[in-house]
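Subject: Structure for you to look at, with notes

Dear colleague,

Please open it first, and then read the notes below beside it.

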Amino acid sequence: MFALTALSSVSMAIAGAALPPELAAVLLWVVLFFCAMAGLARVFVQEQEAGTLLGLRLYATGQVVFFGKLLFNLALLCGLACLVVPLFIIFFAVEVGNWLPFITILALGCAGIATVSTLTAAMVMYAQGKNAIFTVLTFPVLLPQFLSAIGATAKILSGDIPELSELVFMAGYDTTVVAAGVLLFDYLWQD
């Protein structure tokens, strides 16, 4: 609902005016980011509130739980992107010149958001004001990936092709965060 409300509100506010590619790219990634922040914070909170967290700790290693929650977050975010992107293209009359790099950027960006969100959700599951803390912790960690995704998306929307170095950076960022999650997750989700 957030994505639909945000996209339709901005679309009505600009009344059919064409958005520059940079602004359109920012809008797309801001909507995806805040949709993720609204839902992905609850991935461990539900386990904690239902009392099933102890069962997870007893029967599964930290890495197994990390990858399970990461895959769930990634599937949720990719599903959300499949909803948001067509609405974005329709509401703002945006033309995507080259779909393969665009889908690659979306996949790498969603993977980064899902991975960082999984790690920060584990950190804040016991905190008061979980959602606010979750967003405040996630945004600075995600900022390099976020800026790369915006820049590469702006190039796609303006008819250019993003540089290979941008895609390599995004893939390297995702790989580094996943590696950090594998190494640190046992410590993050302890009492």
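Just after helix H3, glycine 51 takes a positive phi of about 80 degrees; helices here are DSSP runs of H or I with at least four residues, strands are runs of E with at least two, and both are numbered from the N terminus. Within H3, which covers residues 42-50, Val43, Phe44, Val45 and Glu47 are buried, where buried means under 20% relative accessible area, exposed over 50% and partly exposed in between, with a 1.4 Å probe and protein chains only.

Please keep in mind that this is a predicted model, in which local features need pLDDT of at least 70 and side-chain atom pairs count only at pLDDT 80 or more, while totals for chains, interfaces and linings use all residues. Residues are numbered from 1 along each chain as its sequence is written, and side-chain values use heavy atoms, with hydrogens and water left out.

Two packed helices are described by the angle between their axes and the distance between the axes. Helix H2 (residues 21-39) packs against helix H6 (residues 99-124) at an angle of about 30 degrees, with the axes 11 Å apart; an axis is a line fitted to C-alpha atoms, for helices over the stretch in contact, and angles run from 0 to 180 degrees between N-to-C directions. H2 and H6 are therefore roughly parallel to each other, since angles under 35 degrees count as roughly parallel, over 145 as roughly antiparallel, 65 to 115 as roughly perpendicular and the rest as oblique. On the H2 side the contact (heavy atoms within 4.5 Å) includes Leu28, Trp29 and Leu32, and on the H6 side it includes Ile105, Gly109 and Ile113.

Tryptophan 29 lies in H2 and, at 1% relative accessibility, counts as buried. Leaving aside neighbours within four places in sequence, tryptophan 29 is in contact with several residues, among them Ile105, Cys110, Phe146 and Thr153. Its C-alpha atom is separated by 9.9 Å from that of alanine 81, which is 52 residues away along the chain.

H6 also meets helix H8 (residues 164-188), where the axes come within 9 Å and cross at roughly 20 degrees, and H6 and H8 are therefore roughly parallel to each other.

Lastly, the unreviewed UniProt entry places the feature "transmembrane region" at several spans, including residues 27-45 and 66-93. The end C-alpha atoms of residues 66-93 lie 39 Å apart, and that span is 96% helix and 0% strand.

Note on methods. UniProt positions renumbered as here; feature names shortened; annotations may be inferred.
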